[in-house]
Amino acid sequence: VGSIEFAAEVFGTRLVIVMGHTRCGAVGATISHLSRPSNDLSPNVREIVDRIEASAAKAGAKPGGPTSPDEAEFTPLVNAAIAENARTVASRLEESEVLAKLAETEGLRIMSAVYVMETGTVDFLTG
């Protein structure tokens, strides 16, 4: 958040895009972990999983759910969690006092999107 605040204040950045991407291993690992919790995660991986966990749960990941990309429902669930995570991170940025003030007074916009690796397109998200 601090680096984005710096860019907006010092360099006049007026558009911030939080962009997830399809085939995201971090989101897939989080969903797998939610499905089958494990204490085998390193502290650094655990930190990533902890940050994504709420978005994955909001998208529908739950204990006993799909645990590998081979399961039919896994890809749609991962894609929903990727989009939800991008929205969540954008929302966290909007909570920054510095960025909120710049949005109000200087026209800063914060958006979320998903880069679709299979097609090379970007899907901008709303809400």
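The structure is a predicted model, in which local features need pLDDT of at least 70 and side-chain atom pairs count only at pLDDT 80 or more, while totals for chains, interfaces and linings use all residues. Residues are numbered from 1 along each chain as its sequence is written, and side-chain values use heavy atoms, with hydrogens and water left out.

**Overall architecture**

- The protein has five helices and three strands, where helices (H or I, at least four residues) and strands (E, at least two) are DSSP runs numbered from the N terminus.
- Read from the N terminus, the order of elements is α-β-α-α-α-α-β-β, and the C-alpha atoms fill a box of roughly 45 × 35 × 20 Å along the principal axes.
- Of the contacts with a separation of 6 or more, 69% join residues 24 or more positions apart, a contact being heavy atoms within 4.5 Å.

**Surface and charge**

- Of the 127 residues, 34% are buried, on a scale where buried is under 20% relative accessible area, exposed is over 50% and partly exposed lies in between (1.4 Å probe, protein chains only).
- The accessible surface comes to about 7,700 Å², of which 54% belongs to carbon and sulfur atoms; the areas come from the Shrake-Rupley method with a 1.4 Å probe, and for residues only the protein chains shown count as cover.
- There are 11 positive and 17 negative side chains, and the centres of the two sets lie 2 Å apart; Lys and Arg count as positive and Asp and Glu as negative, without His and the chain ends, and each charge is placed at NZ of Lys, CZ of Arg, CG of Asp or CD of Glu.

**Strands E1 and E2**

- E1 pairs with E2 (residues 109-116) in the parallel sense over seven bridges, pairing requiring at least two DSSP bridges between two strands, and Gly20 has Val114 of E2 as its bridge partner.

**Two individual residues**

- Arg23, in the loop between E1 and helix H2 (25-35), has a positive phi near 60 degrees although it is not a glycine, and Arg23 is exposed, with a relative accessible area of 57%.
- Glu5, in helix H1 (residues 2-10), is buried yet has no salt bridge, and the nearest side chain of opposite charge, Lys101, is 12 Å away; a salt bridge needs a side-chain nitrogen of Lys or Arg within 4 Å of a carboxyl oxygen of Asp or Glu.
- Leaving aside neighbours within four places in sequence, Glu5 is in contact with Ser96, Val98 and Leu99.
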